[in-house]
Amino acid sequence: MIDPIATLREAFPDAVLDSTVYRDTPIVTIKADALLEVGRFLRDEPGLSYNLLSDLTVVDRLKLNHGQDFGSRFHGIYQLRSIERNGDLLQLKVPLPGGDDPVAPSVTGIWPTATWHEREAYDLFGVRYEGHPDLRRILLPPDWQGHPLRKDMPLGGERVPFSVTWDDEEFAFLGKQIMKAEQRPEPVPGRMDPKHMIVNMGPQHPATHGVLRLIVELDGERVVGIEPDIGYLHSGFEKQGENVRYKDFVYYTDRMDYVSAMQNNLAYCLAVEKLLGIEAPPRAQGIRVIMAELQRIASHLVWLATHALDVGGTGLSLLMYAFREREEILDLFEMVCGARLTTSYMRIGGVDQDLPPAFAPRLRELLAILPERFDEYERMLSRSPIWRHRLIGIGKLSKEDAIAYGVTGPMLRGSGVKYDLRKAQPYCGYDQYDFEIPCYPEGDSYARYLVRMGEMRQSVRIIQQALDNLPEGDHIIDDPKIAPPKRQLLDQSMEALIHHFKLFTEGIRPPVGEAYHGIEASKGEMGIYLVSDGGPHPYRCRVRTPSFSNLQVIELMSKGHLFSDIVTIIGTIDIVLGDVDR
Amino acid sequence: MTLLLFTVLALIALVGAVGVVMSRNAVYSALFLLVNFATIAVMYFMLSAQFLGVVQVIIYAGAIVVLFLFVIMLIGGQIGPVTVGGRRYARLLALVLGAAFLLLVVLGLGAALPPGEAPLGAPQAGSVQAVGQELYTTYLIPFELASILLLVGMLGGVVLARRYRELGKD
Amino acid sequence: MIIVITSVIKSLVLILLLLTGFAYLTYYERKLLSRFQVRIGPNRAGPRGLLQPVADAVKAIFKEEVVPDHVDKVVYLLAPALSLIPALVAFAVVPLAPDLTIGNFTLRFHIADVNIALLYILAITSVGTYGIILGGWSSNNNYSLLGALRTASQMISYELPMGIILVAIILTTNIGRETGTLSLVEIVNQDRPWWLWLWLWLAFPMFFITMLAESNRSPFDLPETENELIAGFQIEYGGIKFALYFMAEYISMITGSAIMATLFFGGWHGPFATPGTWYGPIVGFGWLVLKIIVLLFLYIWVRASMPRIRYDQLLQFCWKILTPLSIAYLILTAIIVALAAP
């Protein structure tokens, strides 16, 4: 096992400012002007090969009193993983020069996935990345003032009219603002040739799976360029996360990837647990695995249904077949937590409540029929020559591009990279279960289809094992500082009552530190990066969502294909706009 | 009755023909052309030339004008008048050439048609059977020659399209 | 004079029948699709949702007539009608039932018995393209223009194999007769030996595919493709104008089924549909309707189980597979006819 800190210190004795290992993650602080050199070394050095830039973000240290700031207000944070070495994580911390107007070298040349991440950091923090090919706002509208994630940005900065009267100025134009059909045409993106047909797809378009907008440049029906325009669903989850207590953010995470709420919950809870240095009890871990895998099946079923819908049209019955099975899974969720979509079932240190007695038999029934149903879908699709014609060879993504663009999840495995965080960096006891990672080398839409179909089958296997081996015990950690005491204790013990009161008024106070934890969500690596200043709110809450990185490759995948293939490719990327825009 | 019908149809056909030339919008021109073809098809029916009438619709209305529209749309079927880069001598030339063509048609028809009332063919002369009979007996060789010509034209189209595609690949 | 009057009455009755047929075809399709998709389908308006088509019609008629500002108004308004008319008039040559003789007056259950019926059908279907192309163009919208372009190439391409198969069928009318015929009435009434039926049925799948493409039905519904072109050529249409397009599509489905029933499955022929009896026309018409319903089921079945083909694959399929196959079929048919002819 290679030691990245020692190697780095050896290779760049002047660049490394500081290094530490916190909660098993090596954290290295380096100088900004050495970033490109160090980055290239980390990526290319055979023993290290940190080729996947999982996440890139910035921390504004304006109100942070702990740790060293190295004379910089803004620190760039880079989460690097090495796919060859089982997703080994390394965190780079780069104090950015420039004071209130920070400047950083752009790492787009090393990890192309940084293109969007740096735009996001520019948008939300105002960091200027030198050498970035296209530094614009990405989530917020171009005319937005300021950078919302800076700590001096006031909350509720926009005026909200709580009561309106007819004297208000906005009513002066009432009835006059109806625009003629000839509206001001939006300028064609500079790199597109105005001689080509420019088609605006979205943000209201049936195939863009939400409010994604694509500006498509067509030559005949052939795609020349695509410019994704995202951010229509941006709701400032990170800002929100920094202003609520740790345990209260669980409920917000449901709304990110809203078709796999359980996994968002899980990612956040695991990150907080890593920060706290605790682990959930075995039963809770088993339940978490069951829920996460059920959610994976549900999410893949939504993908399958909508993908078939995109490729096949509204008449195709598969849509309803897949939703029928998903409905059963949602019924199970309703059984355990009362909610179907926004479950909020996970808690820091465990899960909200134990499984009800009727859950296991019902789940076993479902598990018995699911494989047959998957066979049925495959009979409908894999054997249909039209389906194969529409998918094979469409949206090719090479192994190298996939890694360079930070693509994770089934997309990466469809490009022949056998990388799955459940195997690579097991969490929740995934190492106890016997399952395989479906992986196909073709890198086209059909390979990704096969990967997801295979994953659903593997999930059934995992759930079966988890259900059979579910240990008895507590469903949540027995620590009154983290989880509320049992209900019956409240009537007997004064101490329990006080703990309960303290927990619900003050919340959890993790020790000073920082932690990044990524899980294998249905769409790829869902990572949460938390910085604690010892208070009840996270100082910095960063969400790395798979769809954001995965969507970035859409232009790469669509170029040269036909207009109809764009919907196939959107479907095969399997985005959820709540997950992209956050 | 027949005369009245003919007059109406002829007027519509003329309006269509003039419309083709006069309208500023290429799509409208194509539509006027369609009107013209349709009335001519009806005239064939009036002359009991059912086969010719139907074929007129299938080929001209169903294929050729559709292709016209296709091309117009492909090369920018924008709504609104098309500005024609009109040079004065071009218009003059068009007028002269048009007049010459008209003269040619009138003279040619005058020479081909016998003076006096043109005799109508037998009632069934335009039916499928009659046309088929004539085509495959009396006019077999010209018919086959025409089909070979079409085949050559088609092959030419394929070759041209192919070369264009290969050029585009480089 | 009497022929004019009877023709007008017959046309009116036929149009009425077709419009009702259209209305209940939408109900039929929605119910069937919902069966395929493990749903229930319309069940609120009237018993078992039987009044759903009426509700839909009322809704479409009373919707506000929106004509967007950026469209070419004349063509925009004309196009839906241009799309519907060919679908309606193609039915004129289909024989619906055996003749009924009352005294010395014979009532014929078809509007026109012309000796160019098959050519007429080809001509009418080729004209049906205009409504879609012009609607797509006049809407002045990128999506509708793409839809229109697709329609133009799709319909022209699929007319070719359709025409070739029709020619093959026309050839077979030579068997057992002095000359062949193009009249549907005569084709229906012709006796065919059993092996000829089998040979004709061989061509049915090909012909059915071309009919799917001609009436823009899934998996060939590329001009409208709700997923990429949103609604293609009809994106700017609403209310009754949209309903007209809808009507055109469904009536051309009915017409197509009627033509297929007539060409491949003996039209109104069936047990007890004896010509010359009083009940013959009723039973005969019943048989025809039954055959049409079965064929319509095929359309809907295909829609529920097939993904949509891509535009270039559609054309490739037409030119590289269907056209050569239909030409081969034509050649084989010619050989058979030459051998069988006296």
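Predicted model: local features only at pLDDT ≥ 70, side-chain atom pairs only at ≥ 80, totals over all residues.
Local features require pLDDT of at least 70 and side-chain atom pairs count only at pLDDT 80 or more, whereas totals for chains, interfaces and linings use all residues. Residues are numbered from 1 along each chain as its sequence is written, with chains lettered from A and ligands numbered from 1 in the order in which they are written.

Helix α1 of chain C covers residues 2–36. Helices are DSSP runs of H or I with at least four residues, and strands are runs of E with at least two, both numbered from the N terminus. The expected span is 1.5 Å times one less than the number of residues. Buried residues of α1(C) include Leu18(C), Phe22(C) and Leu33(C) (buried: 20 or more other C-beta atoms within 10 Å of the residue's own, with C-beta atoms placed from the backbone). Just after α1(C), Val38(C) takes a positive phi of about 45°.

The largest nonpolar core holds 288 residues. Such a core is a set of buried Ala, Val, Leu, Ile, Met, Phe, Trp, Tyr and Cys residues joined through C-beta atoms within 7 Å. Tyr120(C) and Ile165(C) touch the most other members. Helix α7 (residues 282–312) of chain A gives the most to this core, 17 residues.

Chain B has six helices and zero strands. Its elements run α-α-α-α-α-α from the N terminus. Of its 170 residues, 17% count as buried.

Conventions. Buried ≥ 20, exposed ≤ 12 C-beta atoms within 10 Å, placed from the backbone.
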